[in-house]
Protein chains: 2
Amino acid sequence: MLTSIDSLLNWDERTYMPLEAGPYRAEQITLLSGVIHKRRTDPRIGQWLDELFDSDAARDRHSDPGATIHELKREYDKRIKLPQALVEELARTAVLGQQAWVKARQENDFASFAPLLEKMYELKREEAQALGYSEHPYDALLDDFEPGARTAQVAQALAGLRTELVPLVKAIGEAKRRPNVDILKRAFPAALQEQFGKQAAAAIGFDFQRGRLDVTHHPFCSGVGPHDCRITTRYDERFFPSSFFGILHEAGHGIYDQGLRPDWFGLPPGSYVSLGIHESQSRMWENAVGRSRPFWQHFFPTLQRLCSSAFGDVPLDDFYFAINSVQPSLIRVEADEATYNLHIIIRFELEQALITDDLQVADLPGAWKQKYREYLGIEPPNDADGCLQDIHWSAGLIGYFPTYSLGNLYAAQFFEKADRDLGGLSAMFARGEFSPLREWLREKIHARGQCYKASELGELVTGQPLGHAALMRYLRGKLEPIYGL
Amino acid sequence: MLTSIDSLLNWDERTYMPLEAGPYRAEQITLLSGVIHKRRTDPRIGQWLDELFDSDAARDRHSDPGATIHELKREYDKRIKLPQALVEELARTAVLGQQAWVKARQENDFASFAPLLEKMYELKREEAQALGYSEHPYDALLDDFEPGARTAQVAQALAGLRTELVPLVKAIGEAKRRPNVDILKRAFPAALQEQFGKQAAAAIGFDFQRGRLDVTHHPFCSGVGPHDCRITTRYDERFFPSSFFGILHEAGHGIYDQGLRPDWFGLPPGSYVSLGIHESQSRMWENAVGRSRPFWQHFFPTLQRLCSSAFGDVPLDDFYFAINSVQPSLIRVEADEATYNLHIIIRFELEQALITDDLQVADLPGAWKQKYREYLGIEPPNDADGCLQDIHWSAGLIGYFPTYSLGNLYAAQFFEKADRDLGGLSAMFARGEFSPLREWLREKIHARGQCYKASELGELVTGQPLGHAALMRYLRGKLEPIYGL
């Protein structure tokens with residue numbers, strides 16, 4: 001419950017907090033982290049968990065009590081390895097780091113942010129040592145976000161995806177048909193974007209009686225309670241996909257949060273499986289649903305009415321092609337579905353090198369540019385659109401990025417299975433019916449909480465192990481026809 | 001510092017929290033109150049304070065270290081008298097009570113709120129017993145808001161004021177000149193009201209780099225950190241004084257908070273003296289400044305430009321008369337300066353009767369109506385505009401109301417002295433200069449924190465003991481000319 005209070009402090013910091021309140025907020029969060037860590041590492045809790053672990057209740061690891069005992073013990077055993085001072089220092093550095101990052105990004109000033117980033121990596125190396133690992137220090141950090149996953153496995157999965165993706169992206173680059181993306185750059189007032197985004201988020205099932213939408217620098221979704229899930233966005237009045245698909249994405253996260261069992265809030269049966277599974281939900285609603293033609297058969301007339309100056313004269317098919325344009329670009333959160341994973345692979349490789357000290361923070365801007373040239377054929381003109389674009393590292397979220405790609409892989413597998421189970425989602429979307437998919441996800445994924453590991457849940461739901469075949473089928477099925485390949 | 005986190009939980013609950021998140025928020029606040037109480041009543045703190053109390057540092061009670069030791073010891077000695085379970089139950093009941101109150105007020109349904117109010121009074125009686133008192137159980141509760149004040153003294157002060165006020169209000173009621181208050185009821189869009197309110201709040205010195213203005217049901221001001229002070233309001237598009245003077249009022253509180261020394265944040269030298277002194281600041285900016293003619297000489301042209309459809313054809317003097325209209329009314333927060341204290345006296349008497357069990361909660365609506373008939377000559381047609389209009393009791397703030405009237409008394413005394421010291425505030429206001437008064441208050445009151453008790457500070461600053469003469473001079477000086485008495 002104190003963790004949910006921490007979530008509110010963070011949400012507020014990134015939405016409404018006055019400018020000069022930053023340093024004290026860092027102190028508040030630091031203090032609270034200390035109180036939380038102290039309570040969670042209370043030796044009495046360790047004793048109770050040891051006793052419970054030997055009881056009958058723990059036998060079935062997939063039952064509610066069994067999962068509770070196993071997960072809490074896993075967490076406890078990890079936490080007691082971390083010194084209190086390190087936990088507090090990490091929390092403080094994360095808040096100060098995020099504040100420095102906001103400023104550095106605005107002013108395109110990597111140098112002002114570098115000392116905090118160095119400090120953060122130093123602390124994360126300490127954390128990896130304290131936690132221990134068998135193969136790679138990165139394993140220890142990855143486990144926080146994708147419990148049970150290993151660096152080597154993730155590297156292999158992403159390499160497999162890349163092998164098939166690169167030729168597809170290349171073929172698209174050479175295709176003669178090109179979308180007219182300029183139609184997406186027409187003026188669209190933020191207030192109307194908000195209205196439309198909220199309408200769509202509510203239609204796919206985000207419950208505004210139990211949640212909110214606010215404005216922030218770097219969009220996120222935060223659960224502040226079992227009936228309090230807050231999503232955020234930022235508006236660009238000259239490029240509406242940036243906020244609209246961002247809202248669908250965060251609403252996808254929010255629908256997962258809102259689908260967790262409230263009576264188990266904060267405990268494993270009422271918690272999400274992993275960030276990869278969480279991301280599978282956001283990416284599915286954003287892309288498989290939100291960038292589908294049937295979705296826009298339903299919503300495009302509304303959009304045209306709402307802002308006819310921008311969309312009144314646009315044919316649906318031109319719009320559909322434009323929002324599915326594939327084009328190597330600099331900003332991850334605005335990347336298309338096909339090139340997105342290349343952005344992830346770059347970050348995944350760089351953070352491994354930073355954690356092992358094979359790359360120095362001072363050399364990060366150069367290394368970043370080099371990899372973008374190599375994988376995407378383009379180079380950022382500045383750090384603001386380069387290595388300063390993401391909040392993650394400033395907040396200590398190292399080992400987080402690969403979960404985005406795992407999310408894409410899981411999303412494609414889940415969506416394919418749901419489509420088969422429910423007998424054709426397209427016709428439903430075209431009628432504005434999103435509840436069958438949502439209820440399917442609720443039953444198969446949300447309601448199960450953390451009773452299965454990500455890879456177990458994937459197999460249980462789809463009958464298939466994690467792989468990239470479904471994602472490639474999905475991308476080819478959509479992109480080859482529109483690009484005339 | 002945990003208290004400031006609690007402030008954020010409360011602020012959020014009353015501004016942005018989703019509807020269904022209420023019960024869990026109650027649990028969060030309850031848990032945090034428990035953690036705070038446990039830390040504050042740690043016997044080691046008692047030992048330290050005992051040792052410090054005997055040290056040289058404690059000798060001068062008005063020095064920073066002396067005030068710190070004396071105030072913290074006073075607080076500690078009070079707190080250890082309260083059982084942990086009672087503290088937690090009070091916190092939980094306060095949150096649930098406020099939620100029930102919002103609903104009950106909207107639906108004019110006192111019966112749905114009554115059980116929680118009964119529970120609250122029961123707990124407050126327990127609290128008074130646990131704290132102890134020499135004369136009246138109400139003393140124990142009053143001390144939380146106005147440290148050192150006694151029920152009997154307050155009752156006497158208010159009686160003195162009433163004696164002079166009643167004939168003045170009566171004379172005004174019989175005056176031939178009447179203001180045209182309909183000009184205040186012209187349509188004025190909320191967005192423009194917000195813009196104007198923010199401009200005025202900033203002009204008198206509320207710092208928006210260190211604060212915010214948001215919307216709520218029942219306006220309040222909350223300090224979330226040394227550089228994070230949040231004020232709130234509610235907009236009535238057909239009666240702008242309700243939000244505008246509300247904003248000035250809360251900004252007055254905020255200017256006090258922002259004038260406290262940040263390096264002593266959360267400790268006595270960086271804390272406010274009492275609610276009475278806090279209210280003296282809000283009432284001074286709201287009334288002595290905000291309802292003065294010179295203030296509007298400066299601001300009225302701006303208001304006329306901003307909403308010419310409402311004010312373009314209104315002469316300044318008509319406007320000035322209208323915002324200073326005196327008229328017995330039902331809603332305390334919208335009452336004029338002259339009748340305001342009668343609203344307070346009613347609440348002050350009722351809460352004393354409720355705490356001593358001389359009045360039952362079930363009989364409150366009737367007793368409320370009777371007192372309004374008796375003191376103000378009017379009777380509320382329903383409970384929403386009667387005994388359900390204030391949030392205080394639902395939140396456990398019993399003993400709080402009289403501090404509003406103490407605030408009016410102090411405000412008049414301080415303002416009279418500032419006017420003399422600074423050589424005529426009117427001319428400054430007419431030029432839009434508010435910083436001389438603000439800096440005077442900062443030096444004489446804000447920067448002194450809690451180093452003096454309210455009555456000591458009053459005498460130190462004005463050379464006079466607390467009394468009602470200054471307030472009566474101020475009211476007569478303003479009201480007699482405009483009503484032609």
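This is a predicted model: local features need pLDDT of at least 70, side-chain atom pairs count only at pLDDT 80 or more; totals for chains, interfaces and linings use all residues.
1. Residues are numbered from 1 along each chain as its sequence is written, chains are lettered from A in the order in which they are written, and side-chain values use heavy atoms, without hydrogens or water.

2. Chain A holds an open sheet of 3 strands in the order E1-E3-E2, with mixed pairing; strands are DSSP runs of at least two residues (E) and helices of at least four (H or I), and two strands pair if DSSP finds at least two bridges between them. Strand E1 (211-215) and strand E2 (221-225) of chain A each have a single partner strand, so one side of each lacks a neighbour in the sheet.

3. E1(A) runs parallel to strand E3 (residues 228-233) of chain A, the two being joined by 5 bridges, and A:Asp214 stands opposite A:Thr232 in E3(A).

4. Chain B and chain A each give 33 residues to their contact, where contact means heavy atoms within 4.5 Å.

5. Between chain B and chain A there are 4 salt bridges, defined by a side-chain nitrogen of Lys or Arg within 4 Å of a carboxyl oxygen of Asp or Glu. The side chains of A:Asp12 and B:Arg230 meet in a salt bridge, at 2.7 Å from N to O. On the side of chain B that touches chain A, the largest share, 8 residues, comes from H2(B).
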